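Open the model in your viewer and keep the sequence beside it.

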Amino acid sequence: VEAAGGEARGRGSFVDVYWDSPDCLLARRDVWLRTRDGRWELKHPPPGGDLRSGGERGVFVEVAGAPAVAQALRSCGLGGLPQGGPLPEALRAAGVEPFGEFGTERASFSLPGGIAVDADVASFGHSV
C-alpha cells in the first residue's frame, strides 16, 4: 500500500455475533444480522436485487441501530418479530438465535484518489 502512495490510517479489532433461525430463514434471503461489539447491524438485498454473474450479491442495504434493524427485519420477511421490547428477546421469541461469533483484527489504509482499503484477519483464519 505504501509503495502505491498510500498511508496507514490505523488498526482496530471487533467481535461479530451473527444471528439466524435454525432453518436459516435470513441467510436463505441473503439477509445478514449481527452485532458488532454489541451494536446491531443488518445487511439485506436492495429492492430489485443486484446479482453478479456467479449469483453472488454485489450490493447490500446496510442498516444500523436496534430500532432500524427491527423495522428492516420485518420488511425482509421476519414477520413474527414482536413489536417493542429489547431486540434480543424479540428475536428469540421469533426463533432467531446467535449461531456464530468471531473476532477480527483490521488495518486501515488510504490511497491517492480517495480510495480506502481495509485489511482484515478473522479469528478463524480468513483474511481479506
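**The whole chain**

Show everything first. Of the contacts (heavy atoms within 4.5 Å) between residues at least 6 apart in sequence, 43% join residues at least 24 apart. This is a predicted model: local features need pLDDT of at least 70, side-chain atom pairs count only at pLDDT 80 or more, and totals for chains, interfaces and linings use all residues. Residues are numbered from 1 along each chain as its sequence is written, and side-chain values use heavy atoms, leaving out hydrogens and water.

Switch to the C-alpha trace. Along its principal axes, the trace spans about 50 × 30 × 25 Å.

Colour by secondary structure next. Look for 2 helices and 6 strands; these are DSSP runs, with helices (H or I) of at least four residues and strands (E) of at least two, numbered from the N terminus. From that end, the order is β-β-β-β-α-α-β-β.

Now colour by burial. The chain has 128 residues, and 33% of them are buried, meaning under 20% relative accessible area with a 1.4 Å probe, protein chains only.

**The largest pocket**

A pocket here is an open set of points on a 1 Å grid over the protein atoms alone, where a 1.4 Å probe fits, with protein on both sides within 12 Å along at least five of seven lines; lining residues have an atom within 4 Å of a point. Its volume is about 310 Å³, the space filled by probe spheres set on the points, which are joined across faces, edges and corners.

Then select β1 (7-20), β2 (32-36), β5 (97-111) and β6 (115-122). Each gives two or more residues to the lining of the largest pocket.

Conventions:
Buried < 20%, exposed > 50% of the residue type's maximum accessible area, 1.4 Å probe, protein only.
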